[in-house]
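Welcome! Please take a look at the sequence and the 3D structure shown here, and then we can walk through them together.

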Amino acid sequence: MATAKSTTQSKAHDKVDQAAEAAHNGVDSASAAAAKSEERIEEVAHQISEQAHKMADTAKQQSEKVTNVVGNYAKEHPVKTVGIAFLAGAVAAGLLCKRK
């Protein structure tokens, strides 16, 4: 009877050990997957950040070009510039004003 009890306990311990091993393997796999995911997320975030900086630099350069062109045109043609500004204001006022 003692041998049967000992064999049962031994089998139970083996099953517990197998379950613990499986749980440890699962945790290790999940940890490795999380680490890979974190690395990939950081890589993608870095790429997006670089692209955003490039886009901001391009927008800044284009804005400076437009500002220079408009400034030069205003200096070369001051009367036309005032006329264009007046017409643009009149059109905007006409569109914003409610007509009855």
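R40 and E43 are three residues apart in helix α1 (residues 2-76), so about one helical turn separates them. Helices here are DSSP runs of H or I with at least four residues, strands are E runs of at least two, and both are numbered from the N terminus. The side chains of these two residues meet in a salt bridge, with 2.9 Å from N to O. The term salt bridge means that a side-chain nitrogen of Lys or Arg is within 4 Å of a carboxyl oxygen of Asp or Glu. In general, side chains of opposite charge can pair when their charged atoms come close.

How many salt bridges does a search of the whole structure find? The search finds one. R40 is partly exposed, at a relative accessible area of 47%, and E43 is also partly exposed, at 41%. Buried stands for under 20% relative accessible area, exposed for over 50%, and partly exposed for what lies in between (1.4 Å probe, protein chains only).

## About the model

This is a predicted model, in which local features need pLDDT of at least 70 and side-chain atom pairs count only at pLDDT 80 or more, while totals for chains, interfaces and linings use all residues. Residues are numbered from 1 along each chain as its sequence is written, and side-chain values use heavy atoms, leaving out hydrogens and water.

## The overall form

The protein chain has two helices and zero strands. Its radius of gyration is 37 Å, well over the 13 Å that the globule rule gives for 100 residues, so the chain is more spread out than a compact globule. That radius is taken over C-alpha atoms, and the globule rule is 2.2 Å times the number of residues to the power 0.38. Along its principal axes, the C-alpha trace spans about 115 × 40 × 5 Å.

Of the 100 residues in the protein chain, 0% are buried.

V91 sits in helix α2 (residues 78-96) and is exposed, with 51% relative accessible area. Together with L95 and L96, V91 forms a nonpolar patch on the surface, and the three share about 380 Å² of accessible area. Patches are built from residues with over 30% relative accessible area and no salt bridge, joining like charges within 9 Å and nonpolar side chains (Val, Leu, Ile, Met, Phe, Trp, Tyr) within 5 Å. Accessible areas come from the Shrake-Rupley method with a 1.4 Å probe, and for residues only the protein chains shown count as cover.

V79 also belongs to helix α2 and is exposed at 71%. From V79 to A30, 49 residues apart in sequence, the C-alpha distance is 72 Å. G83, another residue of helix α2, is partly exposed at 30%. The C-alpha atoms of G83 and H24 lie 79 Å apart.
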